[in-house]
Amino acid sequence: MRSRTLGCTLLIAGTTIGAGMLALPLAASSLGGPATLLLMVILWALMAYTAMLQVEASLVTGHSHLHQLADHLLGPWGKRLAAFCVLMLFYSLAAAYISGGSALLAQALGEQGMALGQTQAAWLFTLLFGGMVCVGTRSVDYLNRLMFVTKLVIMVGVLTLLLPRAEGQHLLAMPLEQGLLLAGLPVIFTSFGFHGSIPSVMLYLGRDPRRLRRVFVWGSALPLILYVLWQVAILGLLGQQNLLASGGALDGLLARIGQEIDWSAFSQAMHLFADLALATSFLGVTLGLFDFMAKVTHRKDNWQGRAQTGLITFMPPLLFALYFPQGFIMALGYAAIALAILAVLLPVALAWQARKVATPNAYRAPGGTLALAGAATLGGLIVVVQLGVSAGLLPAL
């Protein structure tokens, strides 16, 4: 079980450290260093707290999947809302990862003399890593461990090289215009999204609250530490203006870093790190989506059933990535609305209802009514901000 605890901790960290980590410097190009770091700490604490609220509701009711929890505690409308948000979140994130991952894959293969178009790269990325998800959780666990350790080793090397080059004046940059501090909430919030993997982890690991708390708190704290170091390294190296010049694209960001560090081995390491970051996030998110779709469509756990589940899991986000190849940040923004409902507002409501029916000895997450109200307020604010950005009422990053 200790091995499974470690594996699940790395799965949560790997799910979190992916597209979100790569998007943070792009967000900081408009927000500046202090604002970005402040939002990261606040939003990490929020997500770790609401993860334990969902665990609390699961342990009280005996259900793992969010739509089952909502049906049990909130009724049919709660179930419908949860199911809709699960689909919107998972599909949006998967589309963002395919969009970003295929662009990096095409660029990496192009540098090796193998020209590959965006469409072919998207298909290859989806078939390769989606196929691993279709095989099963155990294969994802072991593959994720290998990729996460590799990613961590590369990141330590990259940070060792970049941090001494960081310039303090770059880190003190402030938001470029009013309203951007609010506008940064959805993108940074999505960078800490791992709640879609909670049911899969609970099914795989068991229902020990202490073990689950270690997995979710430490699994999300490790990304926070790495995010802070990454932010200092990239923003300190490039500054706001160079980040803005990347155009909000991952390949543009990597190209800007390559201009500052003229060393082919470093450039290759950065591309490999970005590929692994997106792949581990893709695995964690789509594993949760796969299990959810298998549950709601009642597919059998054999090769025919898993192939059918794989089609309905991966085809919609693949089509988005094909029609919107530069939709990386756009997809993350839309995912923020679903994630705020799914990972904040619903866990608060579920914990509130679960505490009404729980036995005296049942597990209870830290925090009383005030903590629940604070989490709900932040979740509602994120939804309102993203709607404001989409409607043009707030500036977009």
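**Exercise 1. The second largest cavity**

Task: State which residues line the second largest cavity of this predicted model, and which helix gives the most to that lining.

Solution. 
1. Start with the residues: the lining is made by Thr-15, Leu-89, Phe-90, Leu-93, Gly-193, Phe-194, His-195, Gly-196, Ser-197, Gly-284, Val-285 and Leu-339.
2. Next, sort them by class. There are 6 nonpolar and 6 polar residues, with no charged residues.
3. Then look at the helices. At least two lining residues each come from α5 and α13.
4. Of the elements, α5 gives the most, with 3 residues.
5. The volume of the second largest cavity is about 60 Å³.

**Exercise 2. The largest cavity**

Task: Find how many cavities of 30 Å³ or more there are, and describe the lining of the largest cavity.

Solution. 
1. The count comes to 5 cavities of 30 Å³ or more.
2. In the largest cavity the volume is about 110 Å³.
3. Its lining has 13 residues, and those nearest the centre are Leu-66, Val-86, Phe-90, Gly-196 and Pro-199.
4. Helices α5, α10 and α13 each supply at least two residues of the lining of the largest cavity. The largest share, 3 residues, belongs to α13.
5. By class, the lining of the largest cavity divides into 6 nonpolar, 6 polar and 1 charged.

**Exercise 3. The contact of α4 with α5**

Task: Decide whether α4 is roughly parallel or roughly antiparallel to α5, and list the residues in contact.

Solution. 
1. Locate the helices: α4 covers residues 66-74 and α5 covers residues 76-111.
2. Their axes come within 7 Å and cross at roughly 160 degrees.
3. Angles over 145 degrees count as roughly antiparallel, so α4 is roughly antiparallel to α5.
4. The crossing of α4 past α5 is right-handed.
5. On the α4 side the contact is made by Leu-66, His-67, Ala-70, Asp-71 and Leu-74; on the α5 side, by Pro-76, Gly-78, Lys-79, Ala-82 and Ala-83.
6. These contact residues comprise 6 nonpolar, 2 polar and 2 charged.
7. Leu-66 of α4, part of this contact, is also among the residues nearest the centre of the largest cavity.

**Exercise 4. The largest pocket**

Task: Describe the largest pocket by its volume, its central residues and the classes in its lining.

Solution. 
1. The volume is about 390 Å³.
2. The lining has 20 residues; closest to the centre of the pocket are Leu-203, Asp-291, Ala-294, Asp-301 and Arg-306.
3. Two or more lining residues come from each of α10 (198-205), α13 (264-297) and α14 (303-323).
4. Among the elements, α13 gives the most, with 4 residues.
5. The classes of the lining are 4 nonpolar, 10 polar and 6 charged residues.

**Exercise 5. The second largest pocket**

Task: Give the volume of the second largest pocket, and state which helix holds the largest share of its lining.

Solution. 
1. The second largest pocket holds about 240 Å³ of space.
2. Its lining has 16 residues, with Leu-105, Ala-108, His-271, Leu-272 and Asp-275 nearest the centre.
3. Helices α5, α6 (118-135) and α13 each supply at least two of the lining residues.
4. The largest share, 6 residues, comes from α13.
5. By class, the lining of the second largest pocket has 10 nonpolar, 4 polar and 2 charged residues.

Note on methods: Residues numbered from 1 in each chain as written. Predicted model: local features only at pLDDT ≥ 70, side-chain atom pairs only at ≥ 80, totals over all residues. Heavy atoms only, no water. Axes fitted to C-alpha atoms, helices over the stretch in contact; angles between N-to-C directions. Parallel < 35°, antiparallel > 145°, perpendicular 65-115°, else oblique. Left-handed = near helix turned anticlockwise from the far one by under 90°. Contact = heavy atoms within 4.5 Å. Nonpolar A, V, L, I, M, F, W, Y, C, P; charged D, E, K, R; others polar. 1 Å grid on protein atoms, 1.4 Å probe; cavity = no way out; pocket = protein on both sides within 12 Å on 5 of 7 lines; lining within 4 Å. Points joined across faces, edges and corners; volume = space filled by probe spheres on them.
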